[in-house]
Amino acid sequence: MSVRTAFSSSIIKKVWMALTGLFLCSFLVGHLAGNMQLILKTGEEGRRAFNEYAYFMAHNPFIKVLSYVTYFSIIFHAIHGFYLTYQNKKARPLGYAYTKPSANSSFPSRYMAVLGTLILVFIVTHMANFWWRAKIKEDIPLHYKTITKEQMQQRIKFTYILTTKGDYMPFSVKEENSGMYYDLRTGQPLINSADSCMFKIKNHQELYDKDTDLKIADGYKDLHTVVMDFFNPDKNELALAYLLLYVVSMAVLSFHLWHGFASGFQSLGLNHKRYTPLINGAGKLFALAVPGMFALITILIYLK
Amino acid sequence: MATKFINITLKIWRQKNSQAKGSLETYKLDHVSTDSSFLEMLDQLNEQLINNNESPVAFDHDCREGICGMCSLYINGRAHGPDTGTTTCQLHMRKFNDGETIYIEPWRSKAFPIIKDLVVDRSAFDRIQQAGGFVSVNTSGRTMDANAIPVAKSDADKAFEAAACIGCGACVAACKNSSAMLFVGAKVSQYALLPQGQVEGRERVLNMVRQMDEEGFGNCTNTGACEVECPKGISIENIARMNRELIKAAVSSDKE
């Protein structure tokens, strides 16, 4: 066999499934570490930590490269998986009238393609809910906070936008009772609310000085609030449905990893009396812990 | 254990020839000794069929002592029946209950076409062996003593375990993908573990895997069903070794 055909052999096909699958396992760890920031800190601090993290993930060149490897791995793992399943079905045109596969293999190992398809459906809905809004639709609001002060028997609402320089830039000031806006620099009342702003927002997150048109800084997108509101029953009437879909999807992922993690090592030829039991154990722990943590974070957000 | 006699119902795949469409046929068989082997039970059925002027059921068998690898049969949903570590000839009727219905089907795989009834053509395995399952030895009369080459005891043991494969095809039959990786893994391993196998090592694994793929076997998904159903207890460790050998050969072979 020439080396070229060796690379299209059934074994190298398994190696590709293993490499992309195990890479996606490492992606899950990174994604989970990011999600942990949704619950590790609370209030404005937690919101700030998560949005700073989200900005880093969207702008760091290393992460950008990693994200392309991740997109590739997901697409390749799915398409290649479908192709292999098609080939495997073709290898037995007529099935058994009576078969007892539970006697010799685990349930997840026999339904990897079905489980994988369900995970793919979840990834599509997951990306439509978050990735699409952040990357394509770009309708995520900026990270701002409001402070209401009592001044001369009036409630004045100050709005600040958090910039990537790390400070809160004053954006507008509004008198609560009358709904009047004020010029931040002169303190004069304004008719048009837009005139109260100290800067213009371009490209959904770049902040420019209103008068000089010079760029001041970037603003953080408030992905934290988008996520928190998404699973908040007070803000989203479908929150419970999304929560259930999420938890069920994590259960499916758990089954997929239950077989997939250790299977990847076997496909790469890594099998040894000493470390294979460790890999099998680690795979099962991984399959329970990682999807379990993802689900737990979401449940905590829902209950909050 | 006292001999008992049981009455059973058999659902057996009958197929006239490789082209014909087969179907499951039902037969009643009474007074089957629990001491008889599964194949002896089929002999008893065939006697009954011949006496009734019906065509006997064709099934593969040869040594009847679990070493030739000829007997096959997918019995009650499992390759070689409900016992583990046995071939069909080593399976006894004491494993079945009185009044039980027993399903008997041939190995099902595109690479193992049915010849007649329960007999399948396993020559795909022969072609895989011919592609590389051997070592070339000088037989000109100056043959070297094989024992002159030192072999580590642990390697010899593992090679021997792999060489225990009788090529029965239970791994293919049990695998949901009809994959032949346990068979090929064992055959590659038995040489890969020994110094005599090193010379042709890279070519061997490349050629045997190519032949395996050409025969139309499915891909391995590591369900582990093969090692559970293997009558010789061959471990999927051998599949991992074959994977290693192929990856090594693919990146280091001098061929284009």
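Hi everyone. Please keep in mind that this is a predicted model, where local features need pLDDT of at least 70, side-chain atom pairs count only at pLDDT 80 or more, and totals for chains, interfaces and linings use all residues. Residues are numbered from 1 along each chain as its sequence is written, while chains are lettered from A and ligands numbered from 1 in the order in which they are written.

Let's start with chain A. Domain 1 covers 10-140 + 225-303 and domain 2 covers 144-220; the bounds come from an automatic or database domain assignment. Taken over C-alpha atoms, the domain centres in chain A are 41 Å apart. How many residues of domain 1 of chain A are in contact with domain 2 of chain A? It is 6, and they meet 5 residues of domain 2; contact here means that C-beta atoms, placed from the backbone, lie within 7 Å. On the domain 1 side there are 4 charged residues, 1 polar and 1 nonpolar. For those classes, Ala, Val, Leu, Ile, Met, Phe, Trp, Tyr, Cys and Pro count as nonpolar, Asp, Glu, Lys and Arg as charged, and the others, Gly among them, as polar.

Now the two chains together. Chain A puts 42 residues into the contact and chain B puts in 44. Several helices of chain A supply at least two residues each, including α4 (61-90) and α8 (239-267); helices (H or I, at least four residues) and strands (E, at least two) are DSSP runs, numbered from the N terminus. The largest share of the chain A side, 6 residues, belongs to α2(A). By class, that side has 19 nonpolar, 16 polar and 7 charged residues.

Over to chain B. Helices α6 (201-214) and α8 (237-252) pack with axes 9 Å apart, at about 110°. Axes are lines fitted to C-alpha atoms, for helices over the stretch in contact, and angles run from 0 to 180 degrees between N-to-C directions. The pair α6(B) and α8(B) is therefore roughly perpendicular, a label for 65 to 115 degrees. Among the residues making this contact are B:L206 of α6(B) and B:L246 of α8(B).

Last, the sheet. Chain B has an open sheet of 5 strands, ordered β2-β1-β5-β3-β4, with mixed pairing; strands pair if DSSP finds at least two bridges between them. Strands β3(B) and β5(B) pair in the antiparallel sense over 2 bridges, and B:Y74 stands opposite B:E105.

Methods
Two residues are in contact if their C-beta atoms, placed from the backbone, lie within 7 Å. Angles under 35 degrees count as roughly parallel, over 145 as roughly antiparallel, 65 to 115 as roughly perpendicular and the rest as oblique.
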